[in-house]
Amino acid sequence: MAQLERSHLSIIQAVDQHGSLTAAAEQLHLTQSALSHAVRKLEAQLGVAIWVREGRRLRLTQAGAYLLAVANRLLPQLAHAEERLRQFAQGERGTLRIGIECHPCYQWLLKVVSPYLAAWPDVDVDVRQEFQFGGIGALFGHEIDLLVTPDPLYETGLRFEPVLDYEQVLVVGPGHPLRGVPFARPEQLARETLITYPVAIDRLDIYTQFLLPAGIRPKRHKPIETTDIMLQMVASGRGVAALPRWLAEEYIGKLELSVIRLGKQGIAKQIFIGVRERETDTDYLRAFVELARAHRDPGQENDTTPTMDNQRKSRERRDGCG
């Protein structure tokens, strides 16, 4: 059985991206005959076909599709490793890659990135939002350097630092019957349209910590991707939403909205930053965590902070930020 080499993965990825051996050969700076020979040799060594020809195009077999997935995962990691080693050799720091597992986390992160870039001019920041509760694997796999999440998973080799406490609240529009009440009860949402981010119900705190324990579901659940549209809908009386208090209060001056505590004790949450344990002393990583921990939105310090018991329970759960 042949041993896979990086060049094999590069060929598979290039052919998939360009659709033909001719175009892939140009990208790889090879002749078409040399590339065709390499493909035939690889298939012979592996004992399995990687492509089948359909007219002028090549279609991946099941084995080829598997190798393409491997190539798409490993080649960027190898390229990043080579770049990091080059940076180490030249005394540079390079790019800080940050993964985000929740929608509101991105808007909070913007408040930290700006002063960080000013303080660390030799470090670029790349923010990746595609991790829908898959950031732990990306952190283990060195696809990212930091993970911003409300859902820490304490695995060997990772460390999570709490950087922001917040309260999850209900947001209602003008004229809503709950406007002005001290707190909302689960049964009061049974006839409501609940607007949330497009996240599974078992990852939404308003369900897991408020509605479902009381055996309540809203009349309708409407997922919306963006905070702006979500709160426009709430302000126009099309439903209610559950958001971090700090985020909802940013919109109160722009839209006619009110925030209401969810239950008498409220729902306490935290944002965490996860790093690989071996890299916690890396200066520019540590600086980002410290800056994030030092950042406090003025709206956080008020007399409606949830109890410490709820904060402890929140840390023990793995529910979504929305």
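A disulfide is a pair of cysteine sulfur atoms within 2.5 Å. The legends below refer to a predicted model.

**View 1. The disulfide of cysteine 102 and cysteine 105.** Cysteine 102 and cysteine 105 are the partners, and their sulfur atoms lie 1.9 Å apart. The torsion about the S-S bond of cysteine 102 and cysteine 105 is about 95°, so this disulfide is right-handed. With a relative accessibility of 8%, cysteine 102 counts as buried. Cysteine 105 has a relative accessibility of 0% and also counts as buried.

**View 2. The largest nonpolar core and the surroundings of phenylalanine 288.** The largest nonpolar core comprises 60 residues. Within this core, the residues that touch the most other members are Leu96, Trp108, Val148, Leu170, Ile206, Ile273 and Phe288. When residues up to four places away in sequence are not counted, phenylalanine 288 touches Leu96, Ile98, Leu109, Val112, Val113, Tyr116, Leu146 and Ile273. Another core, of 17 residues, lies apart from the largest one; Ile11, Ala14, Val15 and Ala24 are among its members.

View 3. A pair of aromatic rings is described by the distance of the centres and the angle of the planes. The model holds three aromatic pairs. In one of them, tyrosine 116 and tryptophan 120, the ring centres are 6.3 Å apart and the planes meet at 20°. Planes under 30 degrees apart count as stacked, so the pair of tyrosine 116 and tryptophan 120 is stacked. Tyrosine 116, at 0% relative accessibility, counts as buried. Tryptophan 120, at 18%, counts as buried because the limit is under 20% relative accessible area. Together with Phe288, Tyr116 and Trp120 form one aromatic cluster.

**View 4. The edge-to-face pair of tyrosine 154 and phenylalanine 160.** The rings of tyrosine 154 and phenylalanine 160 form an aromatic pair with a centre-to-centre distance of 5.8 Å. The angle between their planes is 80°, and the pair is edge-to-face. Tyrosine 154 has a relative accessibility of 53% and counts as exposed, whereas phenylalanine 160, at 6%, counts as buried.

**View 5. The charged end of lysine 254 over the ring of tyrosine 251.** The charged end of lysine 254 is placed over the tyrosine 251 ring, at 4.8 Å from the ring centre.

View 6. Strand E10 spans residues 240-244 and is mostly covered, with five of its five residues buried. Strand E6 (residues 158-172) pairs with E10 in the antiparallel sense over four bridges. In this region, glutamine 168 stands opposite proline 244 in E10. Strand E8 (residues 193-196) pairs with E10 in the parallel sense, over two bridges. Here isoleucine 195 stands opposite alanine 241 in E10.

**View 7. Threonine 61 in the loop between strand E2 and helix H4.** Threonine 61 is placed in the loop that lies between strand E2 (57-60) and helix H4 (62-90). At 16% relative accessibility, threonine 61 counts as buried. Its contacts, leaving aside neighbours within four places in sequence, are Ala49, Ile50, Trp51 and Val52. The C-alpha atoms of threonine 61 and alanine 49 are separated by 6.8 Å, and these two residues are 12 residues apart along the chain.

Terms used:
Residues numbered from 1 in each chain as written. Predicted model: local features only at pLDDT ≥ 70, side-chain atom pairs only at ≥ 80, totals over all residues. Heavy atoms only, no water. Core = buried A, V, L, I, M, F, W, Y, C linked by side-chain atoms within 4.5 Å. Buried < 20%, exposed > 50% of the residue type's maximum accessible area, 1.4 Å probe, protein only. Contact = heavy atoms within 4.5 Å. Pairing = 2+ DSSP bridges. Phe/Tyr/Trp six-rings, centres within 6.5 Å; stacked < 30°, edge-to-face > 60°. Lys NZ or Arg CZ within 6 Å of the ring centre and 35° of its normal.
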